[in-house]
Every structure is written in C-alpha cells, then in structure tokens.
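Here are my notes on this model, for you to check against the coordinates. Please read them with the viewer open.

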Amino acid sequence: MMLPGPRNLITDVAGLSVGNAEDHRLKSGVTAIVCDPPATAAVQVLGGAPGTRETDLLQPHNTVQTVDGIILSGGSAFGLDAASGAQAALREMGRGFVIGPHRVPIVPTAILFDLINGGDKDWGQFPPYRELGYEAVQKADADFATGSVGAGTGALTATFKGGLGSASIVLPNGITVGALVAVNALGSATVGSTRHFWAAPHEKQDEFGGLGLPHPMPANASEVRTKMGANLSAAANTTIAVIATDAVLTKAEAKRLAIAAHDGFSRAIWPAHTPLDGDLIFALATGASGRTLELADFLELGAAAAATMARAIARGVHDATPAENDPVPSWSSRD
C-alpha cells in the first residue's frame, strides 16, 4: 500500500524546500521551491493562457540541465518580477549556473491571475513581487503552510476559494513523489453543488475531509461550472504546479513526468486545461535516491504523479481560509 511521506508535502522529496511570502491586503503572494543541490527540470503547458519566465531552457534539447529553484506567483504578468527577487536571494547564497567568475541562479517562473479578487492592488509605481520573491526564498524550509498563503493567497475557483496545496506518496520501490500547486482554476474542484472533491478516489488518510464521492451522484455533477457562470472575472484563472521525485531522471524523462502529472488536473478540476487557464506543471528530479527507473517503474511513477497532483489540488481548496471581501466562500466555511 502506498502511503504519504512523513510531512505529506512536496518537501518529502529530499533536496527540496519551500517558502511562502504574501500580502493579505493585496490578496496575493509568492511561493518559492528551492533545490539544493540543483535539480533536473522540465515543464509542460496545457492551458491556453500561460505566463512564464525561463521555460524555454527547460526543453530537453537545450543546454542548461538543472535549476536552482522554481517560483509560483500571483499577480498576473506583474508577478514575473518575483523571479528577480528569488535570483537575488539565491545569488547571496552562492547559488547559480557558473559562467567564469559569475553565478547566474536559474529560476523558472509561472504566474496566475489574481488581480480581481477583492484585494487592494494599488501598489504605486512598482509591484511588490520582487520583494515577495526574495522573502519567499529566504523563508524556504522543509515545513511550510498551505491554503491561503504564498501563490495561493488570493486564488479562487468557480465554487470555492482556491489555495496552495501539497501532497506526497512513497512508492513500493521506495521512490518518493511530491506535488505543490496553486489552485486558481476557471472550473471547480468539487462535484456539482456539493462539497465533495473530484479527487476523492485518490484521497489518503482523510487529508481533504474524507467525504468520498457523493452517492448517488447529484444530477448536476456533469454541469460545467466556471467563473463565467459564477459572476466572477472569466479571465482570473490558472493553476500552476510542481511535480517532484527523488528518482534520477533525464530532462526528457522529467518532461514525461510533467505530462503525466497533468492527468491530476483532469482528475481534480472540471473543466481543466481551458483556453482561459494557463495550466502549467514544472517537473523536478532531485536524484537523491540514486535510483534510475526501468519502464515498469516509470509507468508507476507517472500514475503516482497524477494521483498526488489531484490530492494536492483538493488540499489547496480544502485548506483555504476566509478573508474580507472574498468573492466566493472557502470550503471550510460551508456546511
């Protein structure tokens, strides 16, 4: 039987730490994943409206093989500034790709749209995301909060508040898989008008309420619920995530892992991968286990990545907390 790691967080994958920084007046924030040592990385984008930085270098045919960290940020395109702050913090730590006497921290970044969520975005001349990115890296640790923190601070779905979620699993062969996700989907993570999560079949140890799937399924289970139908801004979307493992993977194998993990979006959010979402998953392979995988093991790794991602999405919505001027309720506030 596969069970979560000791923290049930992405940091159960050795070599990773996570830090959050947020501004609750702004209703936005930044989450940093720090890789120590640098990790093999890839990316897969399946949404139609992504916002990214440094994703081209992650393609398997390009030169740089590893990254020093990943940034997930709110703020739409303004949030891409978070990478500059993260780079500054990592450079102070002596981290980065060595070019002569210089070190250049490699920090691919993805953003979600949370500008229209009830927060005060009147930040003046420059947005605050560079400073939030710096702070998030400085706070990186094995233990971190989930819910309405970091990149999930102002996240919303069609039915409930979104949030930052994480989960892990240890495979029978000892390989660990972890997921981290900021859930800000156009669609819904819950079934119809219920509080039951689409990800329920993959739940471990009642980690997001233990409700299971509704029985019988409600008549409106297949109804497409989106922010367009919820009187919210239809453009205020995107679910961004990281899937990680301690297996030894090539960049091409990491790309395949990111592709597999997108099945977790489809199992946890209805609908997913829309033209108005920028749905994106980074993959990280720390190699800390020292193990390469045979084909059968890789098949199991991909399935575990999808299930763990689905669980992390549900946990992000489950762990969100209410705040002033929220346009939708938090999952915990509705009976």
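1. Basis. This is a predicted model, where local features need pLDDT of at least 70, side-chain atom pairs count only at pLDDT 80 or more, and totals for chains, interfaces and linings use all residues. Residues are numbered from 1 along each chain as its sequence is written, and side-chain values use heavy atoms, with hydrogens and water left out. Helices (H or I, at least four residues) and strands (E, at least two) are DSSP runs, numbered from the N terminus.

2. Strand S11. Buried means under 20% relative accessible area, with a 1.4 Å probe and protein chains only. Leu280, Phe282 and Leu284 point one way. Ile281, Ala283 and Ala285 point the other way. In a regular strand, side chains alternate between the two faces of the sheet.

3. Partners of S11. Strands count as paired if DSSP finds at least two bridges between them. Strand S2 (residues 28–45) pairs with S11 in the antiparallel sense over 6 bridges. Here Val43 stands opposite Phe282. Strand S10 (residues 240–245) pairs with S11 in the parallel sense, also over 6 bridges. There Ile240 stands opposite Leu280.

4. Crossover. S10, helix H3 (residues 251–268) and S11 form a right-handed β-α-β unit. Right-handed means that, with the strands pointing away from the viewer, the path from the first strand over the helix to the second runs clockwise.

5. H1 against H2. The axes of helix H1 (residues 82–92) and helix H2 (residues 129–138) come within 6 Å and cross at roughly 40 degrees. H1 is therefore oblique to H2. Axes are lines fitted to C-alpha atoms, for helices over the stretch in contact, with angles from 0 to 180 degrees between N-to-C directions.

6. Cover of H1. The buried residues of H1 include Ala83, Gln87 and Leu90. Among the elements covering the buried residues of H1 are S2, strand S4 (66–73) and H2. Gly94 follows H1, with a positive phi near 80 degrees.

Definitions and conventions: Buried means under 20% relative accessible area, exposed over 50%, partly exposed in between (1.4 Å probe, protein chains only). Angles under 35 degrees count as roughly parallel, over 145 as roughly antiparallel, 65 to 115 as roughly perpendicular and the rest as oblique. Contact means heavy atoms within 4.5 Å.
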